[in-house]
Number of protein chains: 2
Amino acid sequence: MSAGPERFCAAYRLRADASQVQARARALALEQSIEMPLEAVAQPFVRDHIVAQVVSIEPVDGPAGAGLFDVKLSFATRTTGLEAGQLLNMLFGNCSLQPDVELLGFEPSDELLRALPGPRFGLEGVRRALGLDARPARALTCTALKPQGLSPQQLGELAGTFARAGIDVIKDDHGIADQDYAPFAARVAAVQRAIGRAAAERGDAGRTLYAPTLSGGPRRLADQLRVVREEGVGAVLICPMLSGVPTLVELVRAEAAVPILAHPAFAGNVRIDPALLLGRLFRLFGADATIFPNFGGRFCYDRDTCRAIARFAREPLGGVPAVLPVPAGGMSIERVDEMIREFGTDVMLLIGGNLLSAVCAAGDSVLARATAFVERVRRAGSLAQANQPACTAPAP
Amino acid sequence: MSAGPERFCAAYRLRADASQVQARARALALEQSIEMPLEAVAQPFVRDHIVAQVVSIEPVDGPAGAGLFDVKLSFATRTTGLEAGQLLNMLFGNCSLQPDVELLGFEPSDELLRALPGPRFGLEGVRRALGLDARPARALTCTALKPQGLSPQQLGELAGTFARAGIDVIKDDHGIADQDYAPFAARVAAVQRAIGRAAAERGDAGRTLYAPTLSGGPRRLADQLRVVREEGVGAVLICPMLSGVPTLVELVRAEAAVPILAHPAFAGNVRIDPALLLGRLFRLFGADATIFPNFGGRFCYDRDTCRAIARFAREPLGGVPAVLPVPAGGMSIERVDEMIREFGTDVMLLIGGNLLSAVCAAGDSVLARATAFVERVRRAGSLAQANQPACTAPAP
């Protein structure tokens, strides 16, 4: 799929009768661009430059492909206004309401690549922020503060424990927003200070970044970003599909001077390929790391989907830096080796509840479990490094 | 479904084996609240006050209901932080990633009803803004400026034509954002002034409100709202699922002093009942009118869904004003009578391309078609009024 400097391409899967698919594809192109019949358009400029065009229609192979067609459309880049929300609107605004359409692909034009912010840090920048840019690389470790309902002090104590264990990134559970039992400012201060105390105890054994959940409207987000700056917080977490992509791009990406973790909450109202959304689009919109529900956990994505997310996060894409894939969603320490074999070491492994629930299951302390997680990743990292050359893409 | 003052209820449809459904429902309650196993929660406060609870599990009746269960959960209102984005997160954040779950219902608690802004104008307020609050009521008329690609001057000329025809509300096509061929400020000024000139020609025959599409991040939205105020624009259009619900609530609802039309673009990545999302939730988030794809048009909703959207938009809901249902999406003048029979007169009928495409089809001018639309609605309004008592709900 190629796109000239002024147009970009998108790929859709359509369910249609073979006899109807040409008309259906043309209708889709109109729906997603001028939203009216072509014969009612009097202006040559609109017909020649604004209407989306059908590039190709191919039947989907295989027995599961019956009645399905892959349709490529090309769009004028100008129709996006070079703005992320309007880009989503052109790609999947109205046709999200048509159940016979899925969005499978998007190839940005050069203009869009320049206009969309992309990650400020990316995979390598997050490593540098952690002081881990020296090779050999190892996978990064991440855990979540939970459950919501804990007080700032309780969250701080838990964060201190994780930091003493040497976890790289400690994020809020995405459900920890700005509730009265742990208001953002009080919580972030308590957690960041606890991490600071743990770092002082550990000396220069490593850094830990805290990523509090940003939530709410733009004013609230601006207040939260001020707290992040004032407390010297090292990262942030946001749910782009809840906060709104334009807010991520224009406010959080522009103003947060720290790495951004994107969380997939509310992103699964599907019919957009998850790899495209979580891997490519979130990367273009400014995420430095993209959390996704790994296969074999509490969620539904299969192995191929998870591989595709990691590929989209790290593959070459114009000058846009690669970002960290973050497999998550019911992962356990026991799966560390397997995940590193699957995704390589340019990855951040997120294990949340398993570090806590093991308290009951095995009688371990949280500190012991978190330390075990960190050590397992370090060991596995060396192994992976020995067995395979430095790679930024998953094994084929 | 009842909800006490500190808790609210949500209804989900789960696909599960009968032997597993109790465990699946409990897992859903945990996923949507504390996101960890209950046995790992040490704090009584969290167990007693924060964890979502399974209220009921009922098999779905009928042959299509095999393997489906309706599950009601109750949530602590405090977990929402009384903020709209976090409310969506509690309702459908993570479980949007689980394809066996649909969100069918949401009953706000009193606290949420007070905290969510609701419409500033509502159905009656829009009528007042149009000078149409005297009874008997008639349905309102709405059309769309299109296609994108027209210049501000061309859009202004079209708007002037619609205004001379007596259309009540002229909205931008939702794809007309802030593109270089019609930048927001230039376009809005041109259109508003054209409408003003038409109003002067018509004398006091009626008012026309213009609803330009707001798009982009918070800074851009704030700039656009300033243009709206400076030009005396009478309404705005926003796509909440593209702009982000928290941005709608905290910025647009708070700062726009004019009626807000909500557009469903990007809202159809389903598994949330459309009536709940477009009817009830958009109303709670501050929309004064909710556009939806009517049955028999270019989109997929069936008649029952459309009736349910209208019901959710207008039914009593605490002290929240009723809002206008706006059936749209490939409607035609020929369907005016039928739509008014279906939805009553507390409705705004949106006919876009049909006013333009008819130019070719029938040789009519746009002015003639728009005038025919307005007159048809006026005639039908009287008929409906004669045939049925003033109603704010569709016929059963």
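Predicted model: local features only at pLDDT ≥ 70, side-chain atom pairs only at ≥ 80, totals over all residues.
## Symmetry of the two chains

Chain B is superposed on chain A by a rotation of 180 degrees, with 0.0 Å of shift along the axis and an RMSD of 0.0 Å. That is the relation of a two-fold axis. The same surface serves both copies, since 100% of the contact residues of chain B recur in chain A.

Within chain B, the residue that comes closest to the rotation axis is B:G244, whose C-alpha lies at 1.8 Å.

## Extent of the interface

Three residues, B:L97, B:E250 and B:F266, supply 11% of the area that chain B buries against chain A, more than any other three residues.

## Polar contacts and composition

Between chain B and chain A, 33 residue pairs are in polar contact, counting pairs in which both residues have pLDDT of 80 or more.

## Salt bridges between the chains

Side chains of opposite charge can pair when their charged atoms come close. A search of the whole structure finds 40 salt bridges over all chains, and eight salt bridges are found across the interface of chain B and chain A.

One bridge between the chains joins A:E255 to B:R219, with the closest N and O atoms 3.2 Å apart. This pair runs from helix α10 (residues 245-255) of chain A, which holds A:E255, to helix α8 of chain B, which holds B:R219. A:E255 is partly exposed because its relative accessible area is 33%, a value between the limits of 20% and 50%. B:R219 also counts as partly exposed, with a relative accessible area of 45%. A further salt bridge is formed by the side chains of B:E255 and A:R219, at 3.1 Å from N to O.

## Salt bridges within chain B

Within chain B, the side chains of B:D70 and B:R13 meet in a salt bridge at 2.8 Å from N to O. The pair links distant parts of the chain, with B:D70 in strand β3 (residues 68-76) and B:R13 in strand β1 (residues 7-15), 57 residues apart. B:D70 is partly exposed at 26% relative accessibility, and B:R13 is likewise partly exposed, with a relative accessible area of 23%.

In another pair, B:R335 forms a salt bridge with B:E338, the closest N and O atoms being 2.9 Å apart. Here B:R335 counts as buried because its relative accessibility is 14%, under the 20% limit.

## A shared network

Salt bridges that share partners also join residues from both chains: A:E31, A:E35 and B:R298 belong to one network.

Technical notes:
Residues numbered from 1 in each chain as written. Chains lettered and ligands numbered in written order. Heavy atoms only, no water. Buried area = accessible area lost by both parts, 1.4 Å probe. Salt bridge = Lys/Arg side-chain N within 4 Å of Asp/Glu carboxyl O. Polar contact = N/O pair within 3.5 Å; in protein donor to acceptor, adjacent residues only side chain to side chain. Least-squares fit on C-alpha atoms with pLDDT ≥ 70 in both. Contact = heavy atoms within 4.5 Å. Helix = DSSP H or I, 4+ residues; strand = E, 2+ residues; numbered from the N terminus. Buried < 20%, exposed > 50% of the residue type's maximum accessible area, 1.4 Å probe, protein only.
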